[in-house]
Amino acid sequence: MSTDTHSFPRARLLPWLLTATLLASCATVTNPVTGLSERTVMDEKSEIAEGEKGHQQVLKEYGVYDNPKVQAYVNALGQRLAQQSHRNTITWHFTVLDSPEINAFALPGGYVYVTRGIMAYMDSEAHLAGVIGHEIGHVTARHGAQRATRQQTAGFGVLAASLLGAVLESQGMGGAGQLASQLSQNVAAGYIASYSRDQETQADQLGAEYLARNHYNPQNMVDVIKVLKDQERFADDTARAEGRTPGAHGNWLSSHPSNDKRLQDITQIAANYPSSNYSDDGRSRYLDTIKGMTFGESREQGLTRGRNFYHEPLGIAVTAPEGWKIQNTSQSIALLNAAADAGLVIKSIPAEAGSTHEDIIRNVLKPEQGRTEPRTLSGGLPATHFVGARRNQQGQAQRLEATVVTGPANHHYLLGYAAKDAAALQRAAAPLREAENSFRALTAADRAAARPWAIKLVAYPKGGFQQLAKQSPGLAMAEQQLRLINGVYAEGEPKAGQTVKVID
């Protein structure tokens with residue numbers, strides 16, 4: 001949960017966020033890559049304008065990673081690649097987003113984003129160049145404009161933003177079943193409408209071409225896909241280790257078709273280029289740049305450590321019941337049971353929603369009837385529990401249950417009980433109360449635990465990753481994670497003394 005105190009969950013928008021009405025009629029433009037004429041609802045001027053609008057929304061939603069060294073490095077690399085592209089006359093923008101998600105995407109008009117999450121899994125400058133080059137390819141080939149044109153032709157008229165349904169709506173609480181499915185989706189990749197197979201192949205081809213023009217071996221694009229496929233394998237292995245069924249993957253490959261055919265295509269594309277006459281892959285430069293970079297959740301987003309969630313800027317903490325999971329998003333914190341059919345959703349409430357617990361219940365939940373019960377949580381915070389009902393837009397009765405808590409600095413929070421149905425709510429009654437009661441102001445021990453992880457560089461020891469994993473006791477499946485971020489998850493081993501990444 002971010003420190004933003006917006007009253008209700010902000011909608012996650014399609015990363016290219018075309019919210020304005022597009023051109024009323026089609027124009028004819030020449031595609032910079034193919035040289036062919038194509039009908040479009042978005043000429044270059046419109047692309048740039050819509051990209052600029054979307055850019056402001058992306059920055060507001062994700063935030064810029066506050067590291068000038070990393071930002072300058074990525075921008076310089078992106079500008080070099082863009083200058084060798086088919087659209088080197090437009091103004092390009094390259095931004096590192098403050099997100100642990102493993103993702104990269106582009107908006108029309110020259111706006112390209114990589115997350116610090118994806119950078120942690122890259123092992124060289126050439127790897128990152130492969131990711132950025134692919135996204136530049138989507139822009140140079142006008143794939144966004146083509147997609148907008150197809151949607152308008154299909155009768156949509158406008159390319160509207162796709163909204164992530166609010167877990168906690170202004171009219172009440174949503175069901176935990178819906179909550180679980182929403183929170184399990186990757187926020188960025190899950191809301192990028194997939195490009196067509198031909199567009200992906202073309203972006204791969206262009207990425208390889210831009211690498212070669214900048215004296216990087218196009219083979220690095222193959223390496224990137226392999227690294228990210230290993231990340232998917234790690235996610236599946238983690239799910240199995242935790243007794244869960246492997247599911248959809250939330251990374252760059254999720255929004256970019258990831259089957260074996262595409263990997264074969266990339267391999268063939270790279271093979272069309274000579275294997276020599278390339279400069280070094282920039283591994284030392286890259287590792288020096290990301291040294292000290294935040295890994296996983298940040299201080300500003302709040303940190304999950306085992307069953308505990310700590311948010312140092314807000315001064316709060318909460319503990320999940322045994323067997324429950326914590327889902328941290330910019331909109332809320334959700335504590336979900338193992339069946340994902342019940343949970344506690346924690347939202348920060350702005351001052352304008354009310355100065356008393358009764359005001360907040362009335363203005364946020366908008367109940368038609370109900371009763372309140374004063375409570376004092378185990379950490380001493382004053383609270384008011386509410387059970388009531390209202391009717392939804394279909395006229396059906398909807399049960400409401402939530403607790404308003406006054407936290408540090410006299411700031412209010414709403415702890416909403418969500419469940420698939422009445423039976424699920426009854427089964428989860430005791431752990432829900434346990435979770436609610438654990439909500440507290442940060443203690444000295446909490447503050448000591450609320451330390452974000454960072455990337456550190458060390459020489460690879462004789463004891464290998466097993467030895468290094470012992471130095472990261474708080475990292476789940478530490479040995480596997482260290483192998484993953486160093487590009488040897490499935491096979492291989494660094495040489496003794498070689499610089500490798502660890503999480504500290």
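Two strands are taken to pair if DSSP finds at least two bridges between them, and strands (E, at least two residues) as well as helices (H or I, at least four residues) are DSSP runs numbered from the N terminus. The structure is a predicted model in which local features need pLDDT of at least 70 and side-chain atom pairs count only at pLDDT 80 or more, while totals for chains, interfaces and linings use all residues. Residues are numbered from 1 along each chain as its sequence is written, and side-chain values use heavy atoms, with hydrogens and water left out.

An open sheet of mixed pairing is formed by three strands in the order E3-E5-E4. Strand E3 (93-97) and strand E4 (104-107) stand at its edges with a single partner strand each, so one side of each is left without a neighbour in the sheet. From one strand to the next the twist averages 20°, angles running from 0 to 180 degrees between the N-to-C directions of axes, which are lines fitted to C-alpha atoms, for helices over the stretch in contact (heavy atoms within 4.5 Å). E3 and strand E5 (residues 111-115) run parallel and are joined by five bridges, with His 93 standing opposite Tyr 111 in E5. Across E3 and E5 lies helix H2 (residues 68-83), which runs at about 145° to E3.

Strand E1 (residues 27-30) runs antiparallel to E2, to which four bridges join it, and the bridge partner of Thr 28 in E2 is Arg 39. The two strands E1 and E2 form a hairpin with six residues between them, and Gly 35 in the turn has a positive phi of about 80°.
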